[in-house]
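Trainee: I am new to this structure. Please take one part and look at it closely with me.

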Amino acid sequence: MLFRSFYATRSLVQPIIDAEISRQMAIMATKPNMTPEAIASATSIAHTIASVGIVAFFLVIPFLVGLFIWIIGKLAKVEAVGDTAIMIAVFSLFTRLLGSVVGAVLAAMLPDASLTSAASLSLSPARFIDPSHTAIVALLGRFDLFILWGVVLIAVGMQAAARATKNQAWATAIGVWVIGSFFPLLGLLRGS
């Protein structure tokens, strides 16, 4: 289902993919050792990665989120988290699939000029920030409705499937969200 929804909506989100790649290539062009041929090659590689990378992301991310749920659940002293961590991760990531459908609807409804970054298709405060402030956009993107909904599902899953207390469940869910926010926060602190 994920593959079909991605390829069915690809033409709608293509302007955003192109804008993100163009922004990264403009940054690379400022480097003294980048020739026009190298930039053209990097652009071609970026388009290939954008096509395959999104699908690969959704194949790998449940295992990473499950690992983080397991680690933080163990730190929160949840006894039964080992057997259910990946299941909780998979269910919590269904919200991302719904978010991608909402993003495709936004891409169909909004004019191409307003599709300046991936944040343009999110339901987060990041959609209102200039995409050149990448760290701020990434950090505010963590407050997306569908990401926060996934956090709630992690907490519910921890209580229902892993028999965690309410405090343990929320500590685990918020801990997973914080880990996901670490790299944007690090970029913001470094000033990028």
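This is a predicted model: local features need pLDDT of at least 70, side-chain atom pairs count only at pLDDT 80 or more; totals for chains, interfaces and linings use all residues.

Mentor: Leu-75 lies in helix 2, residues 36-75. Helices here are DSSP runs of H or I with at least four residues, numbered from the N terminus. Residues are numbered from 1 along each chain as its sequence is written.

Leu-75 has a relative accessible area of 68%, so it is exposed. Exposed means over 50%, buried under 20%, and partly exposed in between, with a 1.4 Å probe and protein chains only.

Now turn to Thr-172. Thr-172 sits in helix 6, residues 166-190. Its relative accessibility is 0%, so Thr-172 counts as buried. Its side chain comes to 2.9 Å from the backbone oxygen of Gln-168. Beyond its neighbours within four places in sequence, Thr-172 is in contact (heavy atoms within 4.5 Å) with Ile-69, Ile-72, Gly-73, Ala-76, Val-78 and Met-158.

Next, the whole protein. It has six helices and zero strands. Of its 192 residues, 39% count as buried. Among contacts with a separation of 6 or more, 60% join residues 24 or more positions apart.

Last, confidence. The average pLDDT, the predictor's confidence in each residue from 0 to 100, is 79 for the protein, and 78% of the residues score at least 70. Helix 1 (residues 2-29) has the lowest confidence, at a mean of 61, and helix 5 (residues 145-160) the highest, at 94.

Definitions and conventions:
Side-chain values use heavy atoms; hydrogens and water are left out. Helices (H or I, at least four residues) and strands (E, at least two) are DSSP runs, numbered from the N terminus. A polar contact is a pair of N or O atoms within 3.5 Å; within protein, one must be able to donate a hydrogen and the other to accept it, and residues adjacent in sequence count only if both atoms are side-chain atoms.
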